[in-house]
Amino acid sequence: MLNAERRRTILLLIPIVLVLVGYVLYPSIETLFESLKKNGAFSLQNYVDFFGSKAASNLEALWNSVYISLLSVLFSALIGIPLAYIFNRYDFPGRQFFSNIAIMPIVLPSLVGVMAFMFLYGEAGLIPNALKDLFHLSEVPFSIGGISGILLVHAYTMYPYFYMTTSSALNNIDPSLEEAAYNLGSNRLSVFWKVTFPLLTPGLVAASLLVFMVSMASFSAPYLLAGGFRVLSLQIYFSKTNGDLDMAATQSVILSVVSIAFLLFMRWFQNRKDYRMASKGIGAHRSEVSNPFLKWSMVSLGIIAMIVLLLPHVTLLVLSLVPEGAWTWQTYPQAFSFENFRLLFEDTNIWDPVRNSLIMAAIACAGVFVFGIITSYALVKRNFIGKNLLDILVMIPWALPATVVGMNLILAFNEPSAFSFGKVLVGTFWILPLAYFVRFIPLVVRSTNAVLEQMDDSIEEAAQNLGAKWFYTFRRVVLPYIMPGVLSGSLLAFVQAVGEFPTSVLLYTLGNRPISIEIMNQLRMFNLGQAAAYGMIQVGLIAIVLFISYKFFGVKSENTL
Amino acid sequence: MSTVNLSTITKRFGNVTAVKELDLKIKEGEFFTFLGPSGCGKTTTLRMIAGFYYPTEGKVKFNEKDMTTVPPEKRNTGMVFQNYALFPHMTVYENVAFGLKVRRISKNETKSRVEDVLNKVRLDQYIDRQVSQLSGGQQQRVALARALVIEPDILLLDEPLSNLDARLRDEMRNEILRLQREYGITTIYVTHDQVEALTMSDRIAVFNFGECQQVGTPSEIYNKPVNDFVAAFIGETNLFSVTPDKENEGIAVFQSTDFDKSIYVGHTEENIGSYVEGEELVMSIRPEAVRILKDSDDGNNVFKGKVSLVQFTGASVHTYIEMKNGALIRATDLNNGPSTYLKEGTPVSFQLPQNQIRVIPKARE
């Protein structure tokens with residue numbers, strides 16, 4: 001018997017499944033097929049080429065990707081965990097302020113962040129040259145590039161994952177657990193190792209996997225800093241630009257397999273180890289630092305960390321004020337003005353990329369907003385067969401590196417298909433909004449899930465009991481309830497789409513080139529000021545969105561990752 | 001107002017039978033309670049009446065009208081949920097007005113009805129508050145008001161007091177009863193708290209393992225339980241396995257391994273429940289019926305033992321007596337001052353009055 005409930009679930013699922021199959025599953029399968037084809041016939045030749053001696057560079061790139069990712073995890077953990085411990089467990093002047101600063105790297109979009117690092121620590125960077133002048137050296141004492149550059153950028157941009165998970169785990173630990181251990185006769189060290197640390201491990205493992213996946217997928221840092229150094233995400237891009245789509249597909253499949261394996265491992269791990277605190281009403285407990293030496297060394301640590309963390313932002317701001325041609329051979333910029341920002345609004349050539357990005361991000365954002373609500377509602381509040389499968393399908397774009405998402409879309413829509421209404425999408429305006437949409441589905445679904453899971457089923461039942469039909473209930477009760485989560489997720493998707501680089505570089509056309517592409521153009525023309533000004537727009541947008549989310553939706557910044 | 005008629009209702013979830021062949025008739029205007037431990041099927045039954053579940057077998061009728069598969073929004077029942085299920089993004093007024101708005105009642109009438117009901121639950125001064133700003137008891141009253149304002153045919157209350165502290169629970173008990181009397185609505189109340197059930201209900205249905213064990217007024221349920229589950233679940237009692245021995249002159253005689261002598265029980269309907277030949281039997285005697293004797297007496301049902309524990313609870317004193325073979329029996333007396341408390345270890349005699357004993361079969365699982 002097909003009752004009303006069942007019918008409604010099916011009606012909800014039809015569009016969800018259509019979209020996911022059409023724009024997530026079908027492109028992935030196309031890529032897989034492409035990788036199994038050589039000169040139009042089925043063959044495993046591509047994989048033989050990948051692992052064979054013929055193209056050692058591929059294997060080298062895979063190996064490089066893995067070991068850079070492992071090192072990124074290590075460095076991020078080494079920075080993030082101690083910082084979180086100090087800022088959350090000890091009380092000293094300025095603690096609150098420093099802990100707010102500690103998450104500043106998340107307001108730098110990846111491409112903009114890498115750019116700022118180049119300005120700061122690169123060959124012509126401000127810091128190495130300042131040191132050179134200061135100590136009258138003949139050469140710059142150091143500069144980043146290759147592995148060291150990538151690792152530095154990764155550590156800077158990814159340590160917040162560790163910082164945030166550790167902070168929230170520390171704040172969720174019931175102080176009485178540690179007190180119980182002291183009461184039973186443990187000393188400080190054994191309390192940390194036997195009680196605190198084991199309680200942190202689930203979070204730390206999750207953060208490690210996350211950082212590993214993010215740096216496997218990392219594109220901007222190697223793109224700008226790698227030099228001759230090969231990583232897999234970049235190899236895909238090179239294969240594609242060389243027109244070797246088969247190889248690009250093969251590389252995509254291999255990178256996807258690694259990423260999805262990690263995603264599945266992460267899900268399994270999170271389900272296996274779940275220490276949820278049984279007690280309610282946890283109060284933070286921080287020890288006041290009374291030893292003046294210790295206290296002031298912590299304060300100075302905080303100040304140093306603050307300077308290092310904010311230096312990229314400051315550099316960006318300063319450079320955005322340098323007009324074109326005002327800084328050529330000199331070590332330091334000479335003149336400052338608002339010229340770059342003025343041009344943004346007056347020169348249509350310079351404004352166009354911003355407008356393109358805003359329009360395309362807005363389209364994608366509207367899409368994920370609607371799709372996110374429906375999908376999340378179906379996943380959290382409805383029961384149906386294959387729910388787990390759907391859940392995995394939703395998360396795939398999150399696990400897939402952006403480069404792979406881009407490749408999938410190229411391979412799926414460079415010929416007419418039912419899902420593109422019989423048109424070729426590659427090379428048109430619509431391919432980029434679609435890519436952004438696919439990329440940010442998981443983000444919105446996850447942030448909506450989080451609120452929806454908080455909503456007890458009885459709320460909907462109460463409305464129904466009072467006589468409200470399903471749609472009325474959904475509109476008047478469910479929607480207002482989940483709106484903060486959906487909005488903050490969609491806004492975040494919006495700003496990330498504005499700054500999105502890897503899929504843009506694969507899919508843009510001259511007509512719809514977004515900000516990130518224009519930043520690269522300006523860099524190529526050594527117009528650093530204009531590039532930095534574009535960057536500042538993105539930083540400003542992200543800062544506004546984070547502020548709105550925090551202020552009006554009560555979303556804590558650590559939940560935004 | 002409606003009667004509710006459940007006929008041979010069965011609800012299965014997969015392999016688990018949550019409710020089994022339940023037959024119930026709830027009268028118009030009655031305060032009817034489903035009482036039982038958690039997982040006994042009482043909430044499932046309530047949700048079938050509300051329409052959130054459809055029974056696997058059987059029929060739900062309101063006033064002879066078949067409601068078995070009518071969706072919840074068309075049943076005109078008012079339900080109060082265990083967690084109140086108030087809409088967190090609405091004010092008190094908006095919460096209460098929700099059901100009226102759905103029914104497209106004019107603004108003016110909505111306003112006067114909401115004000116009226118909030119007056120009745122004594123929340124009129126909180127009308128514009130956000131529900132999150134209210135205390136637990138106040139939220140509870142908003143939930144009640146929201147259910148009452150739509151003038152439901154049946155009021156359904158799902159453990160509404162379980163989230164309140166003890167003092168507030170007492171207060172709300174009277175409040176709910178007062179409102180129910182005032183509106184005269186047929187009310188079904190689900191609880192696992194026997195005190196709530198006994199003090200509030202016109203009739204109680206005791207559930208266990210998805211089956212209704214007994215339906216009756218509070219005094220019937222307490223004084224004439226049909227089996228040992230009902231006897232033990234409602235109020236305190238002492239239970240001992242017994243076997244029937246013989247019967248003469250209106251007195252039935254039973255034997256128990258816990259007692260060294262025969263037990264005499266008045267052969268009346270009050271004292272001996274109905275059972276089938278060969279069923280395992282149990283004797284139940286309430287602690288307040290056990291009489292501790294000043295001096296040993298050789299009457300019927302007088303046994304010897306020694307005091308093993310004296311518990312002072314304020315209004316009453318519990319005395320645990322251990323018999324020779326180790327069986328414990330509890331006697332409860334009103335507090336008559338320290339001089340009447342027995343010392344632990346004192347040998348005593350006690351009597352089980354033969355008209356206070358109830359012999360009943362063991363509950364089937």
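Is B:Leu156 buried or exposed? In this predicted model, B:Leu156 has 0% relative accessibility, so B:Leu156 counts as buried. Here, buried means under 20% relative accessible area, exposed means over 50%, and partly exposed lies in between (1.4 Å probe, protein chains only). B:Leu156 is found in strand 7 (residues 154–158) of chain B. Helices (H or I, at least four residues) and strands (E, at least two) are DSSP runs, numbered from the N terminus.

What surrounds B:Leu156, leaving aside its neighbours within four places in sequence? Its contacts (heavy atoms within 4.5 Å) are B:Leu46, B:Ile49, B:Ala50, B:Thr77, B:Gly78, B:Met79, B:Val80 and B:Ile188. For a sense of scale, B:Lys343 is 187 residues away from B:Leu156 in sequence and 49 Å away in space, C-alpha to C-alpha.

## How to read the model

Residues are numbered from 1 along each chain as its sequence is written, while chains are lettered from A and ligands numbered from 1 in the order in which they are written. As this is a predicted model, local features need pLDDT of at least 70 and side-chain atom pairs count only at pLDDT 80 or more, whereas totals for chains, interfaces and linings use all residues; side-chain values use heavy atoms, with hydrogens and water left out.

## Two domains in chain B

Chain B is divided into domain 1 (4–228) and domain 2 (236–361), with bounds that come from an automatic or database domain assignment. Taken over C-alpha atoms, the centres of domain 1 and domain 2 of chain B are separated by 39 Å. Eight residues from domain 1 of chain B and nine residues from domain 2 of chain B take part in the contact.

About 790 Å² is buried between domain 1 and domain 2 of chain B, and carbon and sulfur atoms give 47% of that. Buried area is the accessible area (1.4 Å probe) that two parts lose on being put together, summed over both. On the side of domain 1 of chain B, the residues that lose the most area to domain 2 are B:Tyr222, B:Lys224 and B:Asp228, together 64% of what that side buries.

B:Glu269 and B:Lys224 form a salt bridge, with their closest N and O atoms 3.2 Å apart. At 54% relative accessibility B:Glu269 counts as exposed, while B:Lys224, at 21%, counts as partly exposed.

The interface of domain 1 and domain 2 of chain B also has five residue pairs in polar contact (both at pLDDT 80 or more). A polar contact is a pair of N or O atoms within 3.5 Å; within protein, one must be able to donate a hydrogen and the other to accept it, and residues adjacent in sequence count only if both atoms are side-chain atoms. Helix 7 (residues 218–223) of chain B gives the most to the side of domain 1 that touches domain 2, with three residues.

## Where chain A meets chain B

Which parts of the two chains touch? In all, 17 residues of chain A are in contact with 24 residues of chain B. The two chains bury about 1,900 Å² between them, 63% of it on carbon and sulfur atoms. A:Glu461, A:Asn465 and A:Leu466 supply 36% of the area that chain A buries against chain B, more than any other three residues.

Between chain A and chain B the count is one salt bridge, and eight residue pairs are in polar contact (both at pLDDT 80 or more). Helix 19 of chain A gives the most to the side of chain A that touches chain B, with seven residues. A:Glu461 and B:Arg47 meet through their side chains in a salt bridge (2.5 Å, N to O). This pair crosses between chains, from helix 19 (residues 457–465) of chain A to helix 1 (residues 42–50) of chain B. Both A:Glu461 and B:Arg47 are buried.

## A salt-bridge network

Over all chains, the whole structure has 22 salt bridges. B:Asp116, B:Lys120, B:Arg122, B:Glu175, B:Arg178 and B:Glu182 are linked in a network of them.

Terms used. A salt bridge is a side-chain nitrogen of Lys or Arg within 4 Å of a carboxyl oxygen of Asp or Glu.
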